[in-house]
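Let's take a look at the pockets of this protein. Here is the model to explore.

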Amino acid sequence: METPQVLIEDAGRVRRIVLNRPAQRNLLTPEMMTAVKDALDAPGARVIVIASDGPAFCAGHDMKAMASHHADADGGRAYFTALFNQCSDMMLAIANAPQPVIAEVHSVAVAAGCQLVAACDLAVAADTAKFGTTGVTFGLYCSTPAVPLVRAVPDKHAAELLMTGDIIDAARAERIGLVNRVVPAAELTETTMALAHHIATKSAAVLSIGKRTAHQQQSLPLADAYAVAADAMVENLLLADGREGLDAFAKKRHADWQDK
């Protein structure tokens, strides 16, 4: 049987998606991106983790395949357009997923692989992990990876990564805010899953409102951002779980979330 592009592990209310093409360094081929997007459809999960197997977390797109399409009659325009539209669609699926999405990064994440990390809501890295937007070194500025990168880290750090193509280690990735925490490689999965299960003790409905609102207000002027956030607070309070949370607080008991 053909090796699946991803492995799906459901543990309680956490879904763990494992990129499963180690020999190909988990390149974001059309097949891989389709599999990842499909696996994000997890209505029973409160949290999603994206991890990978093999020597690289994700080495970006398949540059050899891309180069071969320069021989197409249109110079590769149709192929490149479809490829980057599909990649953008997958990254948007991460942003639009109602669940928090956590990247579990054990090794190299470069170009669109770094984009994948930046696109996740949270990221935990092993001390062996490395990151970079390396395209410029090969004559291809990482414009699509820049989209989540400039939203995840301060502008000048993003610009340096994009303009130099340099690789940075996990410690620097943590300092600039690309990842939340760095742990010894042997503790990576345990730490990531502990974080995921901790978040999964919260209401799925409340997490969904919070994630959606954070994205909506991020680029708005201050007054508009407060208006969006205030509406979200009202919506949250009118949820069944909003009522349950306040009642549990008042009565000093554990909340029983219904995820609605």
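A pocket here is an open set of points on a 1 Å grid over the protein atoms alone, where a 1.4 Å probe fits, with protein on both sides within 12 Å along at least five of seven lines; its lining residues have an atom within 4 Å of a point. This is a predicted model, where local features need pLDDT of at least 70, side-chain atom pairs count only at pLDDT 80 or more, and totals for chains, interfaces and linings use all residues. Residues are numbered from 1 along each chain as its sequence is written, and side-chain values use heavy atoms, leaving out hydrogens and water.

| Pocket | Volume | Lining |
|---|---|---|
| Largest pocket | about 950 Å³ | 35 residues |
| Second largest pocket | about 360 Å³ | 20 residues |

In the largest pocket, Ala95, Ala119, Asp121, His215 and Gln218 lie nearest the centre. Helix α9 (204-217) gives the largest share of that lining, eight residues; helices (H or I, at least four residues) and strands (E, at least two) are DSSP runs, numbered from the N terminus. Others supplying at least two residues include α3 (77-96) and β7 (122-126). The lining splits into 19 nonpolar, 12 polar and four charged residues; Ala, Val, Leu, Ile, Met, Phe, Trp, Tyr, Cys and Pro count as nonpolar, Asp, Glu, Lys and Arg as charged, and the others, Gly among them, as polar.

As for the second largest pocket, Ala59, His61, Met63, Ala111 and Thr134 sit nearest its centre. Two or more lining residues come from each of α2 (63-68), α4 and α5, and α5 gives the most, with three.

Methods. Points joined across faces, edges and corners; volume = space filled by probe spheres on them.
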